[in-house]
Amino acid sequence: MTWFKATFAAAVLAAGLSAPAQAQTDLERIKADGVIRIGTEGTYAPFTYHDAGGTLVGFDVEIGRAVAEKMGVRAEFLEGKWDGLIAGLDANRYDAVINQVGITEARQRKYSFSEPYIASKAVLIVKADNEAVTGFDDLQGLRAAQSLTSNFGRLAEEHGAELVATDGFDQSIQLVLQGRADATINDSLSFLDFRKKQPDAPVRVAAEVADAEYSGILMRQGQDDLVAAVNAALEEIKTDGTYQAIADTYFGADVSH
């Protein structure tokens, strides 16, 4: 009996020692390392880019740093091309991606998002002295400066505009200022960024769509504790004024809704 007990105890001990340790969650590892790894482009102003001195800056960068600070860790930014950012998350190169990632149903099926932290709307931009255009229906028969493959271009066409092809927002706004186009439909965040840099430019927003599109911080699925920690940090920076200070720096307005 004594031999049996000793053998049984040894077997139990061996089984316990050989049992695999419980997998560490992303949040537990982040807390242990003191670092959250964030994937970002670094080439997408005003959200994530390098200033004249080469420092990584931008709205998304500052949001990432503020969230990390509230979580009690340091933000480490790892730069990559847009097409590779989500793949880097899949490969565990990053813990999160902060790069104006739109919250879509397709992405939500595979990934987790934080609560939205920034909103954008389609806005109709005209010269400041153009009083004839007050809504999207007024585009009928007018020239709209648009990227031809964009949703904004399709929206302009739906309202009867003749499209003037451009490479993006900067060229579109210049054509409106030069009178070579009557209007452009573009992103509200791009307009706020432009207005922040050129407050005296003679353009105005004539109308905006009712529904906003939202971006969130992208994370892997199955890391609910990390998502909760990020959401708590976002709520804290909105409550204590940090978010608004960052928004004022880059857009001069509240861009959370």
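**View 1. T40 is a buried residue of strand β1.** In this predicted model, T40 has a relative accessible area of 0%. That is under 20%, so T40 counts as buried. Strand β1 covers residues 35-40, and T40 lies in it. The side chain of T40 makes a polar contact of 3.2 Å with the side chain of N99. Beyond its neighbours within four places in sequence, T40 touches several residues, including T48, L56, F77, L78 and E79. G80, L85, I98 and N99 are also among its contacts.

**View 2. Helices α3 and α10 run roughly antiparallel.** Helix α3 spans residues 59-70, and helix α10 spans residues 242-250. Their axes come within 10 Å and cross at roughly 165°. An angle over 145 degrees counts as roughly antiparallel, so the pair α3 and α10 is described that way. The crossing of α3 and α10 is right-handed. On the α3 side, the contact is made by F59, E62, I63 and A66. On the α10 side, T242, Y243, I246, A247 and Y250 meet them. By type, the residues of this contact are 7 nonpolar, 1 polar and 1 charged.

**View 3. Helix α7 has buried residues covered by strands and a helix.** Helix α7 runs through residues 169-178. Its buried residues are F169, S172, I173, L175, V176 and L177. Their cover includes the strands β8 (122-127), β9 (143-146) and β10 (162-165). Strands β11 (184-187) and β12 (203-208) are also part of the cover, as is helix α8 (188-197). After α7 comes G179, with a positive phi near 80°.

Terms used. Residues are numbered from 1 along each chain as its sequence is written. This is a predicted model: local features need pLDDT of at least 70, side-chain atom pairs count only at pLDDT 80 or more; totals for chains, interfaces and linings use all residues. Side-chain values use heavy atoms; hydrogens and water are left out. Helices (H or I, at least four residues) and strands (E, at least two) are DSSP runs, numbered from the N terminus. Buried means under 20% relative accessible area, exposed over 50%, partly exposed in between (1.4 Å probe, protein chains only). A polar contact is a pair of N or O atoms within 3.5 Å; within protein, one must be able to donate a hydrogen and the other to accept it, and residues adjacent in sequence count only if both atoms are side-chain atoms. Contact means heavy atoms within 4.5 Å. Axes are lines fitted to C-alpha atoms, for helices over the stretch in contact, and angles run from 0 to 180 degrees between N-to-C directions. Angles under 35 degrees count as roughly parallel, over 145 as roughly antiparallel, 65 to 115 as roughly perpendicular and the rest as oblique. A crossing is left-handed if the near helix is turned anticlockwise from the far one by less than a right angle, and right-handed if clockwise. Ala, Val, Leu, Ile, Met, Phe, Trp, Tyr, Cys and Pro count as nonpolar, Asp, Glu, Lys and Arg as charged, and the others, Gly among them, as polar.
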